[in-house]
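Dear colleague,

My notes on it follow directly after.

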Amino acid sequence: MKPELHMEVTKSGILLDRELSQLTFNRRVMAQAEDPNIPLLERLRYLCIVSSNMDEFFEVRVASLLAAGSIGGSLAGHPALAANLERIGKECHALVERQYEILNNDVLPALREAGVHLLRDSDRNEAQRAWVKQYFDREVRPLLTPIGLDPAHPFPQVVNKSLNFIVSLSGKDAFGRGTAIAIVKAPRVLPRVIKLPDEISGDGVSFCLLSSVIHAHISDLFAGREVIAYSQFRVTRDSDLWVDEDEVKNLRQALKGELVGRQFGTSVRLEVARNCPPELSQFLLDQFSLDQSRLYRVNGPVNLVRLSEMIDHVQQPELRFPPFFPGLAHKAIGNDIFAALNKHDILLHHPYQSFQTVIDFIRSAAYDPSVVAIKQTIYRTGMNSDLMESLITAAKMGKEVTVIVELMARFDEEANINWADRLEQAGAQVVYGVVGLKTHAKVALVIRREEGALRFYAHLGTGNYHPTTTKLYTDFGLLTANQDLAVEVNEVFIHLTSLTKPHNLNHLWLAPFGLQSEIIKAIRNEAKIARSGRRGRIIVKVNALVDESVIRALYAASTDGVKIDLIVRGACTLKPGVPGLSENIKVRSVIGRFLEHSRIYYFRNDLAHDVYLASADWMSRNLFRRVEVAFPVLDRALKRRVIAEGLNPYLKDNTNAWELEPTGHYARRKPRGKQTPFSAQQYLMHTLGTPVAEVGE
C-alpha cells in the first residue's frame, strides 16, 4: 500500500508539515499489517503499534497544537492553526478507518482460518455464552459500579484512555425519577482479553474481549429498567507533564503529584463504537468539551492496543516471526571485560548482538574491588532492570555511584522516580539533570584504580538502558578504554552534576552547547570539499529530521554537489529531489521487524570517513533543549563496521524501505527486474545473530 497523503508545506515552502509527516510513518507501519508475507500475529501486533503511536500522537502533538491555540482564545483567532488541525484530523480519521478495515476484513478472518478466534457475543455458541455469563457474574459484575446521572451524581471523572460505557435507559429508577443516562467504568484490574477454556473453544483457541462480556450483560446491571442503547467509549487526554522547575524545591515530589493529574488532562479525542446513537456521542462530546471533529467512531474495540494481550496467549509459532537469538559478544570477551577493553574497543549492534555485555560491564564494576566509582545516565530503563540492581549493589558495597535520572522522560516518569528512591536509599548520589533540559544522553563511566592511578572505562550508546527495548530496537553501543574519550565522558558528568560549563571537548559533541553547530560545520565542510571539485558525501540515519537550521544546511550542501542519503525512520520535513534545492538528497525510511533507533552521522571528509554515533535526532528539541552526546568511532575497523552494518544495508534494502518523494508521499521500494530481494534487518540477523543450532550450547 502506498500512503496517499497530501503533504502541506510550511510558509517558507521548503519544508513538509511535521505532524502529517509523522502520520505517514504510521501509514508505513500499518502497511506491515497488510503484508500477507508477514505472520498473522505479527500483523496484528503492527495494528496494535499503530494504535499506541496514535494515542501518543493525540496525547502530545495534537494536545500541544490545541494548547497553542487556546493561549489566545479560540482557534477562530488562529486560522492557520485551525486549518492545520483540520488537515491532521482528516488524515487521522482516514488512518483509523483503514486500520479497522484491515483488522476486520483481513487479519481477524485470517486468524479464524488459522484457529485463533476473537468471539463477539453473536459468534459464541450456547456453551460459550453460558461460560461468559458465569465469568461476568463471578469476576466482572462485583467490580462494576454503574453511575446513574442526576444532580447528586454528576458525570464522573474519566481516566485517560480507560474503557467506559454510556447507557441510555427508559422508565424510572427505584426512586421514581427519570434518570436517563448511566456511566459504567470497566475496572482497570480486569484483563481486557479473556481466553476461553479449551474444552469450549472448538477448533483452535478462542478469546473474547472484556468490552464484549460487559456488552452482552449490561442490562443485568439495571434491574427494572430497559436498556435502550449503549456504547463503549474512551477519551484521550493531554498527557504532557508540566512543572515550574524554577519554583519547585523538589522536582521528584512535584512530579509525583503531576502524575496523578496526567490521568485527567484536557480532552483531545473521543472514541465510541460505530453504532453509538448520535445523541449519546453528542452528550459525551459536550461533557468533554470536544467538537464533532474530535469524535472517532470505530468498528471494533476502542483500544486496539489491548489486543496485544491476545498475541501473548497464542502458542502457535507459525503465526509469529521465527525466533531470533542475538550474537553473544561476551563469549569473545572472556571473563575480564576490563582486560579486554584495554586491548581494543568493543562495538555492539543491538538487538543483533546481546545487550548482556553492557549489563555485565556494570555488574563487573559493581563487584570489582578495584572499581572506585560508577557514573551513569538513565532516561528509560523500565520497572525491572538488572543493570539498575547492579548500581544499587555497587552503592551498598561502598562505591561512589552517581546516577543522573531523567525524571521527565515521557511516560517513564513513575519508573524513574521509583529507581531514584531506591538508589538514594542504597547510598547513591542521584541527580535530576539540568533544570529545563532533558538529559537524553546515554553514557556510563567506570573508574578503576590500577597500579596506583585512576583509569576510565566508558559505555556510550544510541539507545536506552532498557532490558525490553534493547531486544526490539536497533542501536549501537561502544565500550571503550580510550582515555581521551573516557575522560571527556567524565567531564560531561561533572558538567551535569556541578552545572558548570563543560571543559573543551575535542571528541564529544554535546547538546545544547555545540552539537548543532558541529553538525552544521561538518555539513558545510562537505560542501566546501564539493565546491573544490572533490567528492562530498553525507549519510545520516536518525529517527526524525525536522530542525530547520540543519535542513537548510543540507539544502545548501546539495546545491554545492554533495551527495546526501538520509535514512529517517519517522517524521521528516525535508523535501528531497527538488531541482535547484535538494536534487542531490534522497530520503528513505525502513520499517521492519525491529524499530530502527540508532543515530549515525557519516561525513566522508576527504577519505577521513568521520563516523559519529549519537543519542540525538536532528530535531530542535534534541539540539537545543536536551542534553545529548554524539561520539566518534575512532577505531578504523569499528568505523568500517558501523558503515557496513548501520548504513550500507539500509541503502541497499529493497524490501522494507520507503522512499520519500518531494510531494511528501512515500513509495515502497521493490526489487526491480532480476534484482534479488534484500532486507537490511534479515541480513543483519543472519550475519550477527547466533544460529539456532548453537543456542544452548
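In these notes, buried means under 20% relative accessible area, exposed over 50%, and partly exposed in between (1.4 Å probe, protein chains only); helices (H or I, at least four residues) and strands (E, at least two) are DSSP runs, numbered from the N terminus. The model is predicted, so local features need pLDDT of at least 70 and side-chain atom pairs count only at pLDDT 80 or more, while totals for chains, interfaces and linings use all residues. Residues are numbered from 1 along each chain as its sequence is written, and side-chain values use heavy atoms, with hydrogens and water left out.

Strand β23 (residues 599-603) has five of its five residues buried, so it is largely enclosed by the rest of the structure. R599, Y601 and F603 point one way from β23, and I600 and Y602 the other way. Two strands are taken to pair if DSSP finds at least two bridges between them. β23 runs antiparallel to β19 (residues 537-542), with four bridges, and I539 has Y602 as its bridge partner. β23 also runs antiparallel to β24 (residues 610-614), with five bridges, and there I600 stands opposite L613.

Elsewhere, S231 lies in strand β7 (residues 227-237) and counts as buried because its relative accessibility is 0%. Its side chain reaches the backbone nitrogen of A273 at 3.2 Å, a polar contact being a pair of N or O atoms within 3.5 Å, where within protein one must be able to donate a hydrogen and the other to accept it, and residues adjacent in sequence count only if both atoms are side-chain atoms.

With best wishes
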